[in-house]
Amino acid sequence: MKNLTQKTLILITMLFVSCIYAQQEKGIIGNDNWLSYWTDFKPKTNDYGQPSQILTGNITEDTKLTKREIYLLVGNVFVTGNATLTIEPGTIIMGDSKSNGSLIISKGSTLIAEGLETDPIVFTSSKDIKKSGDWGGLFILGDAPINQMGGVSNVKYGFQQVSNQNALYGGENARSNSGVLKYVRIEYAGKRTKDNGYFSGITMAGVGSETVLENVMVTYCKGNSFNVIGGVVNLDKMVSYRSNGNDFDFNYGTQCNITNSLAIRSPYVSGSEESRSMSISSYNRKEEVDYSKKSTLVTAKNISIINLSNDLASAIEIGLVKEGIYVSKDASLNMSKSVISGFNPAVILDNEIELSTENLNKLKFSEMYFNNSNGNIFIKDKPNNEDLENWYGNSLFFNVYSKGSDSETFIDSQDAKNLDFRLKIDEIIASN
């Protein structure tokens with residue numbers, strides 16, 4: 001009986017410790033720093049060489065790009081006709097600036113871009129002196145559902161493709177497979193065009209759940225880093241660094257699970273007040289939406305969104321720092337075990353969202369670590385957030401509030417060769 005009691009106590013203790021530990025894992029996680037080897041926070045120091053092959057027009061049959069060549073995207077390069085484009089680990093692909101070089105994987109076609117942790121695939125600028133917005137970007141178009149009227153739409157981000165069948169996206173196949181994008185870096189993309197706005201680093205439109213999207217880094221993008229339009233998308237270990245636009249933009253009925261991902265902003269790089277780490281909407285204009293379709297739902301777990309500044313208070317005072325997350329009417333967000341650090345404030349909800357139990361149940365923040373922000377959760381244009389503070393401050397949500405500096409909060413936020421944005425605090429005791 002005594003031995004049984006001791007064993008029972010040990011089991012209960014182990015279970016209690018494991019549960020507490022699970023609750024304390026906030027922000028990006030991992031036993032090791034998964035940013036090592038494949039990421040690059042100072043890409044300007046790289047000399048990739050000069051292009052040896054030109055890619056232009058349509059790729060209509062299965063094609064393989066090899067590491068021994070350096071490729072130049074000239075104009076809009078479409079992979080069409082159900083073709084598969086395979087890219088070897090370590091391959092360098094450059095975007096031409098004059099022609100807004102871009103790669104578009106059309107609906108029904110496939111991209112297999114599976115780099116290695118020690119040998120990632122790199123999309124970058126062709127210029128000798130590189131800067132954000134040098135070239136277009138990468139597009140993956142699928143046949144998963146969107147909530148736009150008619151169920152099918154045409155890419156209107158960056159380039160005009162009103163009648164081109166190769167630029168269509170959307171359909172009914174939620175589990176469609178557009179291929180693999182893994183251990184890939186996209187640098188200096190997001191060019192601004194005269195009539196059609198900015199390209200994004202990567203646009204995923206109508207992408208289905210069988211598509212593998214892991215370990216993708218977008219750096220110094222002039223537009224949005226990750227632009228997700230509809231689809232059923234699973235994102236893991238995404239990194240956005242110093243984007244001018246939104247780090248993660250979700251719209252038009254996206255059903256997305258995003259896990260263990262990171263966005264690093266700078267008040268001296270970020271764009272207008274409309275750019276955030278995460279922007280979540282269901283539409284731009286109500287007239288273009290089919291309300292019988294699903295509205296945007298983002299489930300975000302173990303995300304770290306961080307605004308790095310040597311003088312955050314001053315940057316906030318002169319208006320360089322905005323909110324970290326923006327959620328529009330008719331969109332839903334379920335965010336947990338995540339870190340929001342250094343914003344003004346952490347979260348803004350659209351002023352058309354009524355503060356009802358029904359709506360607040362669609363906007364969940366639990367086991368969060370709100371750090372060093374000028375306020376936490378507000379309704380747009382309403383300075384009084386007492387109701388929201390009372391709601392999300394309830395002990396049942398296990399949210400934590402802190403005012404720690406970057407050096408106190410993260411393992412290493414300074415060493416560009418070994419940046420590590422996991423929380424320095426191993427154990428966080430939840431409090432309201």
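Two strands are taken to pair if DSSP finds at least two bridges between them, and helices (H or I, at least four residues) and strands (E, at least two) are DSSP runs numbered from the N terminus. The structure is a predicted model, in which local features need pLDDT of at least 70 and side-chain atom pairs count only at pLDDT 80 or more, whereas totals for chains, interfaces and linings use all residues. Residues are numbered from 1 along each chain as its sequence is written, and side-chain values use heavy atoms, with hydrogens and water left out.

The secondary structure of the chain comprises 5 helices and 32 strands. Of the 432 residues in the chain, 56% are buried, where buried means under 20% relative accessible area, exposed over 50%, and partly exposed in between (1.4 Å probe, protein chains only). The accessible surface of the chain amounts to about 18900 Å², with 49% belonging to carbon and sulfur atoms; accessible areas come from the Shrake-Rupley method with a 1.4 Å probe, and for residues only the protein chains shown count as cover. Among contacts (heavy atoms within 4.5 Å) between residues at least 6 apart in sequence, 70% join residues at least 24 apart.

Strand S24 (residues 332-336) is mostly covered, 4 of its 5 residues being buried. S24 pairs with S22 in the parallel sense over 5 bridges, and it is joined to strand S27 (residues 363-366), again in parallel, by 4 bridges. Leu333 of S24 is the bridge partner of Val298, and Leu333 also stands opposite Leu363 in S27. Ser338 lies in the loop between S24 and strand S25 (339-341), and with 0% relative accessibility this serine counts as buried. When residues up to four places away in sequence are not counted, Ser338 touches Gly27, Ala300, Lys301, Asn302, Ile303, Glu367, Met368 and Tyr369. Ser338 and Thr259, 79 residues apart in sequence, are separated by 9.6 Å in space, C-alpha to C-alpha.

An antiparallel arrangement is found for strand S31 (residues 410-412) and S32, which are joined by 2 bridges, with Phe410 standing opposite Leu423 in S32. Within strand S32 (residues 420-423), Asp420 and Arg422 point one way and Phe421 and Leu423 the other way, and all are buried.

The interior was also examined for nonpolar cores, each being a set of buried Ala, Val, Leu, Ile, Met, Phe, Trp, Tyr and Cys residues joined through side-chain atoms within 4.5 Å. The largest nonpolar core has 68 residues, and those with the most contacts inside it are Leu181, Ile186, Leu235, Phe250 and Ile340. Another core, of 20 residues, lies apart from it and includes Leu308, Val339, Tyr369 and Phe410. Ile186 touches Phe123, Trp135, Leu138, Gly201, Ile202, Val216, Met217, Val218 and Thr219, again leaving aside residues up to four places away in sequence.

On the surface, Tyr268, Ile318 and Leu320 form a nonpolar patch with about 330 Å² of accessible area together. Patches are made of residues with over 30% relative accessible area and no salt bridge, like charges being joined within 9 Å and nonpolar side chains (Val, Leu, Ile, Met, Phe, Trp, Tyr) within 5 Å. Leu320 is placed in the loop between helix H2 (312-317) and strand S23 (325-327), and it counts as partly exposed, at 34% relative accessibility.

A search of the whole structure finds 15 salt bridges, a salt bridge being a side-chain nitrogen of Lys or Arg within 4 Å of a carboxyl oxygen of Asp or Glu. Glu172 forms a salt bridge with Lys293, the closest N and O atoms being 3.4 Å apart. Glu172 lies in the loop between strand S11 (168-169) and strand S12 (179-187), and Lys293 in the loop between strand S21 (278-280) and strand S22 (297-307), so the pair ties together parts that are 121 residues apart in sequence. Glu172 is exposed, at 62% relative accessibility, while Lys293 is partly exposed, with a relative accessible area of 28%.

The side chains of Asp247 and Arg265 meet in a salt bridge of 2.7 Å, N to O. This pair links distant parts of the chain, 18 residues apart, with Asp247 in the loop between strand S18 (232-241) and strand S19 (248-251) and Arg265 in strand S20 (residues 255-265); both Asp247 and Arg265 are buried. A salt bridge also joins Lys131 to Asp134, with the closest N and O atoms 3.5 Å apart. Lys131 is partly exposed, at a relative accessible area of 45%, whereas Asp134 is buried, at 1%. Asp40, Arg185 and Glu187 are linked in a network of salt bridges.
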